[in-house]
Amino acid sequence: MKSNEPFITASEDGKAFLLLGFDGSIGFYNREKALLSENYTKKGVIQQALMSKDGKAAVLISFSKDYKEYYITFFNNFNMTKTITSSWKVKKAVMTPDGNYIVILSQEYDNTINNANKITMYDKQGNTLYSYYHKSGIYDIAITEDGSNLYIYSADGYVYKYRNK
């Protein structure tokens, strides 16, 4: 998803919704259309939106062409907790269903094969749990439901498994 246009993301149970309005404001709503949070103004173009099963944890990833920066914004209990700025290209983000762990795959350059890659794991508050640099290109990442294992599909043709706990 790369959007400046209004969109909606729903929790798996359908009780919470994250809406981006025409005016660029972001808000959490319930099924009765009641606002669950204050409205926030987005930064840049939304690249990816993740939401936990219950909708209480969410992450928005956006890119500003003007500043050539990525913004990773964390929400917990429908309130913004932190925004992290990065000059590295955010290629993919994954979240555990409970929203406790978020993993971001970022690249220094656009070339996947010969590129510095960084994998960073955050908690739902946006605190960095660890950062790991991988010398060969990374095509994809996945995390187990409980956040205990991270899988990396590398450009060298192997799948690597990392234990997180």
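In which strand is Ile 72 found? In this predicted model, Ile 72 belongs to strand β7, which covers residues 69–76.

**Overall fold**

The chain has 15 strands and zero helices. Its radius of gyration is 16 Å, which agrees with the value near 15 Å that a compact globule of 165 residues would have. Along the principal axes, the C-alpha atoms fill a box of roughly 50 × 35 × 25 Å. Of the 165 residues, 48% are buried. Among contacts with a separation of 6 or more, 34% are made by residues 24 or more positions apart.

**Surface and charge**

The chain exposes about 8900 Å², and carbon and sulfur atoms supply 48% of that area. There are 20 positive and 17 negative side chains. The centres of these two sets lie 2 Å apart.

The table gives the relative accessibility of each.

| Residue | Relative accessibility | Class |
|---|---|---|
| Ser 62 | 4% | buried |
| Ile 72 | 3% | buried |
| Gln 107 | 2% | buried |

Ile 72 counts as buried because its relative accessibility is 3%, and the cut-off for buried is under 20%. Leaving aside residues up to four places away in sequence, Ile 72 touches Val 59, Leu 60, Ile 61, Lys 82, Thr 83, Ile 84, Val 90, Ile 104 and Tyr 122. One of these, Val 90, is 18 residues from Ile 72 in sequence, with a C-alpha to C-alpha distance of 9.0 Å.

Ser 62 lies in strand β6, residues 57–64. At 4% relative accessibility, Ser 62 is also classed as buried. Which backbone oxygen does the side chain of Ser 62 reach? The side chain of Ser 62 reaches the backbone oxygen of Lys 43, at 2.4 Å. Lys 43 is also among the residues that Ser 62 touches, together with Gly 44, Val 45, Ile 46, Gln 47, Glu 69, Tyr 70 and Tyr 71; residues up to four places away in sequence are not counted.

Gln 107 lies in strand β10, which runs over residues 101–107. With 2% relative accessibility, Gln 107 counts as buried.

Methods: Residues are numbered from 1 along each chain as its sequence is written. This is a predicted model: local features need pLDDT of at least 70, side-chain atom pairs count only at pLDDT 80 or more; totals for chains, interfaces and linings use all residues. Side-chain values use heavy atoms; hydrogens and water are left out. Helices (H or I, at least four residues) and strands (E, at least two) are DSSP runs, numbered from the N terminus. The radius of gyration is taken over C-alpha atoms; the globule rule is 2.2 Å times the number of residues to the power 0.38. Buried means under 20% relative accessible area, exposed over 50%, partly exposed in between (1.4 Å probe, protein chains only). Contact means heavy atoms within 4.5 Å. Accessible areas come from the Shrake-Rupley method with a 1.4 Å probe; for residues, only the protein chains shown count as cover. Lys and Arg count as positive and Asp and Glu as negative; His and the chain ends are not counted. The place of a charge is taken as NZ of Lys, CZ of Arg, CG of Asp or CD of Glu. A polar contact is a pair of N or O atoms within 3.5 Å; within protein, one must be able to donate a hydrogen and the other to accept it, and residues adjacent in sequence count only if both atoms are side-chain atoms.
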